[in-house]
2 protein chains.
Amino acid sequence: MPPVQRELNRFQDFLSGRGLKLTRERTALVREIFGTHYHFEADELLLKMKGKSLKISRATVYRTLELLVKSGLVRRVHLGEEHYHYEHVRGDSHHDHLICTTCGTVIEFQDPQMQARQHEICLRKKFIATSHNLQILGICETCQKKGERPHSPDRVQSIGLDAMLLRK
Amino acid sequence: MPPVQRELNRFQDFLSGRGLKLTRERTALVREIFGTHYHFEADELLLKMKGKSLKISRATVYRTLELLVKSGLVRRVHLGEEHYHYEHVRGDSHHDHLICTTCGTVIEFQDPQMQARQHEICLRKKFIATSHNLQILGICETCQKKGERPHSPDRVQSIGLDAMLLRK
DNA sequence: CTGCAACTGAGACTCAGTCTCAATTAAACT
DNA sequence: AGTTTAATTGAGACTGAGTCTCAGTTGCAG
């Protein structure tokens with residue numbers, strides 16, 4: 001049994017629990033997502049589906065992604081770009097991302113001590129956290145070796161990049 | 001001398017250093033931004049300027065914001081929504097945000113230990129960080145007391161919100 | 001097998017942001 | 001003060017990501 005089957009079953013359960021249907025389109029999308037991608041974008045997925053025999057519209061792609069997010073199979077993340085990215089949800093759900101601004105690679109990391117700090121801060125501010133969002137932007141090991149410069153420096157900075165880095 | 005003058009001078013320096021001009025429009029925008037807002041959105045600013053005697057176009061607002069970001073006077077941040085927000089840059093530049101998903105309030109915090117953790121992680125992954133981006137979403141003290149429910153739960157979650165919270 | 005609520009695709013729409021281009025203007029230079 | 005000229009501006013067309021509508025289609029409970 002291909003591993004995708006597990007996700008299909010879970011999605012099916014989720015849907016029927018709410019009186020929704022597992023259609024051909026939804027099946028095809030789940031297969032595509034869990035068969036290949038790990039991090040992906042909605043538009044990229046849309047494009048991939050264009051190549052298949054069963055054509056799927058933009059609206060359906062977005063609608064299905066929403067359902068997958070609600071079902072807990074997929075997570076929607078900001079990776080420092082304008083639009084959202086999506087990723088599979090697996091057992092080790094609590095991780096954040098290092099994002100290479102040169103090649104776009106996404107590296108996951110997990111750090112219990114950081115979680116602890118966040119807890120501590122919320123306590124101090126009497127804030128009840130429901131979720132968080134952390135990306136660290138920079139240059140990955142491979143690109144450091146290649147000695148490349150980031151492609152789009154202006155896009156990259158979003159918090160705390162100091163003004164020194166600015167070029168004309 | 002109004003405090004805004006300091007920012008105007010700095011902006012002037014920045015501009016003339018690159019052969020750019022301090023126009024009436026740019027002056028008006030800097031006055032507006034540093035006179036009132038702290039966190040703001042581009043469109044909100046555009047709207048405010050509509051009410052003034054000197055009308056300023058959308059294009060100019062965006063162009064000026066870009067310059068202000070480059071000059072280091074203003075920072076562009078993601079606050080967990082689709083579009084960008086902007087904030088003044090002050091001395092204590094290294095902070096992150098707690099964002100109340102009920103009332104929209106933004107609380108800043110600063111935590112050196114967290115910085116240290118991030119450093120540690122980058123070392124471990126041989127990653128050279130240039131910037132980072134952290135928001136913690138949740139419910140602020142005031143809203144907890146009011147016992148209100150978040151307005152748009154689906155918008156809110158973006159990383160690590162567990163599936164338990166989902167409603168039909 | 002049937003009925004109907006859920007689903008779909010096409011394309012109009014929105015929203016934030018970018019781009020173009022002809023007309024205007026800041027400011028360096030007489 | 002007047003000239004020059006590159007930078008700047010506004011109007012509005014455009015873009016990209018995502019949402020919405022509605023008439024036609026389809027999964028599936030009975």
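Which helices of chain A and chain B each supply at least two residues of the surface near DNA strand C?

## The surface near DNA strand C

In this predicted model, the helices that each supply at least two residues of that surface are α2 (24–35) and α4 (58–71) of chain A, together with α3 and α4 of chain B. The largest share comes from α4(A), with 4 residues.

DNA strand C is surrounded by 26 residues. The closest are Leu20(A), Glu25(A), Ser57(A), Thr60(A) and Ala59(B). Sorted by class, the surface near DNA strand C has 10 charged, 9 nonpolar and 7 polar residues.

## Two helices of chain B

Two of the helices that supply this surface, α3 and α4 of chain B, also pack against each other. Helix α3(B) covers residues 42–50 and helix α4(B) covers residues 58–71. Their axes are 10 Å apart and meet at an angle of about 125 degrees. The two helices are therefore oblique to each other, and α3(B) passes α4(B) in a right-handed crossing.

On the α3(B) side, the contact is made by Ala42(B), Leu45(B), Leu46(B) and Met49(B). On the α4(B) side, Arg58(B), Val61(B), Tyr62(B) and Leu65(B) take part. By class, this contact has 7 nonpolar residues, 1 charged residue and no polar ones.

## Chain A as a whole

Chain A has 7 helices and 6 strands. Along the sequence they follow the pattern α-α-β-α-α-β-β-β-β-α-β-α-α.

Of the 168 residues in chain A, 28% are buried. Among contacts in chain A between residues at least 6 apart in sequence, 51% join residues at least 24 apart.

Notes. Residues are numbered from 1 along each chain as its sequence is written. Chains are lettered from A and ligands numbered from 1 in the order in which they are written. This is a predicted model: local features need pLDDT of at least 70, side-chain atom pairs count only at pLDDT 80 or more; totals for chains, interfaces and linings use all residues. Axes are lines fitted to C-alpha atoms, for helices over the stretch in contact, and angles run from 0 to 180 degrees between N-to-C directions. Angles under 35 degrees count as roughly parallel, over 145 as roughly antiparallel, 65 to 115 as roughly perpendicular and the rest as oblique. A crossing is left-handed if the near helix is turned anticlockwise from the far one by less than a right angle, and right-handed if clockwise. Two residues are in contact if their C-beta atoms, placed from the backbone, lie within 7 Å. Ala, Val, Leu, Ile, Met, Phe, Trp, Tyr, Cys and Pro count as nonpolar, Asp, Glu, Lys and Arg as charged, and the others, Gly among them, as polar. A residue is near a molecule or strand if its C-beta atom, placed from the backbone, lies within 6 Å of it. A residue is buried if 20 or more other C-beta atoms lie within 10 Å of its own, exposed if 12 or fewer, and partly exposed in between; C-beta atoms are placed from the backbone.
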